[in-house]
Amino acid sequence: MIADKIHNTKTVLDKPETKRLLSFSAYFLLGFAFGSGRVLTQLHPFCASIVSVSKRKYVLFSGAGALFGIMLGGFSAYSFRYVCAVFLSALCVLIISALKIEKSPLALISAAFFSTLITGVILNLNLGENSAAYLLLLGESILSAGGAYFFYRALSSDYKRLRFRALPLTDISCIVISAALFLMTLSSIKILSVTPARVIAVCAALCALRFFGERWGLVFALSLGFASSLEGGEMLFIAGAFAFSVMTASLFSSLSYFASAGAFIVSSAFFCIASESSASLGIFLDSLSGALIFMLLPQKLTERLEALSENKLDAPPDGSLRQSLVLKLRFAGAAMEAISESVEQVSERIDEITRKENEGLKDKISEEEYASRELILEKTNQLRRVASDQFFSISDMLGDLAFEFDKAEVFDSAASSKIRALLSGYDIFPDSVSVVEDKYSRIRVEILLGSYSPELESPVIKNEIGKICSRYFEDGIITNFKDETMLSFNERANYLLDIGFAQHSADGHLCGDTVKIINDSRGHSILIISDGMGKGSRAALDGAMGAGLLSKLINAGFSFDCALKVVNCALLVKSNDESLATLDVANVDLFTGRCEIMKSGAPASYIIKGKSITKCELFSMPAGILRGIEFAKRTAVLTLGDLIVLMSDGISEIGEEALIKLLGEAALLSSQEGADYIIERALEIYDKPRPDDMSVIVARLNKN
């Protein structure tokens, strides 16, 4: 009986009339959603976007939905302007269809851009608006064009390819961004204090982190957080909160997905408390609900997601796909930069209007109320400025990814074919072989097999692969998955670092300094010390946040400068109280000995060459104080036996003369013994409890 009902239902759904009705309804709902959705409380940039990418047979329905959504908010000069934009977009669609260029993304994007721009210009002329309004209009028009592009790619994607895991990465990215913007339009729907759209967003980001890895989790978080923050006002902080909370969850993903979800909840709670926004409780409830749904997903659904995630992500992209991805990343980066500029313009406009209102009320309200209004305005402006910086940071991150795909890595298909032929002689038949040359002209080889083979550990195979690539390789690294094995060969570096570090906590419990040591598997060893303000748990939180987030972003492939901007934004929105962390970084190239020293408010480092001790002092601001900070940088070249010493200011304050003598004595010991010795002697020199924590890293360059 049930089987017959299911069969009858499928038969009805397969009828052409039913499919057309469902398509018409879907376009009407999309038009309604993007017509009613608001950006920065009063803008509707996506109503023209969805209409301009609708096919001729669907434009009537998407246009009707958009008009209904716009008019739902009431009739005014602004709503009439968007009604005109919808009609103009629909007219452009008919013209484009008549010219038979409906498959040209440029034509559709232009339709959305000029429909939004022209109607806005006419309205501004009638209202006598100033230049700021026109700059805001330009940003809105660019946002409308960007939305049209993402909608076009999402609607044109072949979703049947998902089941074969063959949908291009660019299409997936556009689908994610389009879905995020769609959820943003539904954020006005609330059930008690819970917003279902944000609940779905949280669950989606955690699922991406669990099933598709940290990068996809961050992509989902950035996309969904950005879309949610477009509401403006008190929601501007949510982009940073989403991104950092997913980053925090990723730190615990190796334990279990319950721990990952718990970390997300705790991080979200922290941001909501720190923001002191009236929307904080609702956002926390949304995060809690989404995390709980994520933890309670049925087993059948998780199995499907796991099967979908088992993609050959290591397979090298072909040239056309890579170039297409580069273009989309650059376009998305430019769109983010335009949005940031729009936020700046809107912030200045709102600030100007609000200050005029406050001045007008100054004689009618008490001094305390006036001061309170000014304080609230200043805090709101700070949040908007930080949000603008976050959009710029996202733009830089997308630019970094574009560079990596465009120029940083080259796939040697000829060498891959030779290695595949070599392995076949040992009865090893890999699923894929990738020979990748990175931006430093160093090669790594990645071999994916369906099952483990003992012959993989043979040194003969390593030597033969080295001959094919004309390089010397380190011993292979074997990673076993569920039913697959990955064998990786990294080019052998000329040097290695012998590293030692030591710490001392001023209060005897938590140390406010955080030490991180990273090997990027591309011949670089990265040393990091982050010193949080003060001491104890609060300093430890700032230090761990600075070093942890910086190391995660560097491991993800982002540049040091881009990573610092994200860390700075995260610390700026972390708390209403002053919250800062110094960052001391040394990036040592193990092929050449070149050492790049980067500092953000950190004390001097020292390079020891024999009996010569060189002080590397760079003046810069710590992260978390001001916008737009940058690393101060210096480059040195290390040779065999040279040492580099990084330390926090708890040690450097013992005095220059005592410190130089101490370093000379520590240089005679091994790296770990030297680090321990520096801490012990520094404590003896003070001969009393110190008001600050102490951390030191000692690294010696040795022959590999």
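Buried, in these legends, means under 20% relative accessible area, exposed means over 50%, and partly exposed is anything in between (1.4 Å probe, protein chains only). The model is predicted, so local features need pLDDT of at least 70 and side-chain atom pairs count only at pLDDT 80 or more, while totals for chains, interfaces and linings use all residues. Residues are numbered from 1 along each chain as its sequence is written, and side-chain values use heavy atoms, with hydrogens and water left out.

**View 1. Tyr58 and Phe24 meet edge-to-face.**
Tyr58 is buried, at 12% relative accessible area, and Phe24 is partly exposed at 22%. Rings of Phe, Tyr and Trp (its six-membered ring) pair if their centres lie within 6.5 Å; planes under 30 degrees apart are stacked, over 60 edge-to-face, and the rest tilted. By this rule there are 10 aromatic pairs. Here the centres are 5.9 Å apart and the planes sit at 65°, so the pair is edge-to-face. Phe24 belongs to helix α2 (residues 16–36) and Tyr58 to the loop between α3 (46–52) and α4 (59–72), so the pair ties together parts 34 residues apart in sequence. Helices (H or I, at least four residues) and strands (E, at least two) are DSSP runs, numbered from the N terminus. Ring pairs also join Phe24 and Tyr58 with Tyr27 and Phe61 in a cluster.

**View 2. Phe32 and Phe68 form a tilted pair.**
With ring centres 5.5 Å apart and planes at 35°, this pair counts as tilted. Phe32 in helix α2 and Phe68 in helix α4 are 36 residues apart, so distant parts of the chain get linked. Phe32 is partly exposed, at 23% relative accessible area.

**View 3. An open sheet has 5 strands.**
The order is β1-β2-β3-β5-β4, with antiparallel pairing (two strands pair if DSSP finds at least two bridges between them). β1 (410–411) and β4 (477–480) are at the edges with a single partner strand each, so one side of each has no neighbour in the sheet. β4 pairs with β5 (residues 485–490) over 4 bridges, in the antiparallel sense, and Asn480 stands opposite Thr485 in β5.

**View 4. Helix α17 packs on the sheet.**
Helix α17 (residues 413–424) touches β1, β2 (432–437) and β3 (443–449); contact means heavy atoms within 4.5 Å. The direction of α17 makes about 140° with that of β2. Axes are lines fitted to C-alpha atoms, for helices over the stretch in contact, and angles run from 0 to 180 degrees between N-to-C directions.
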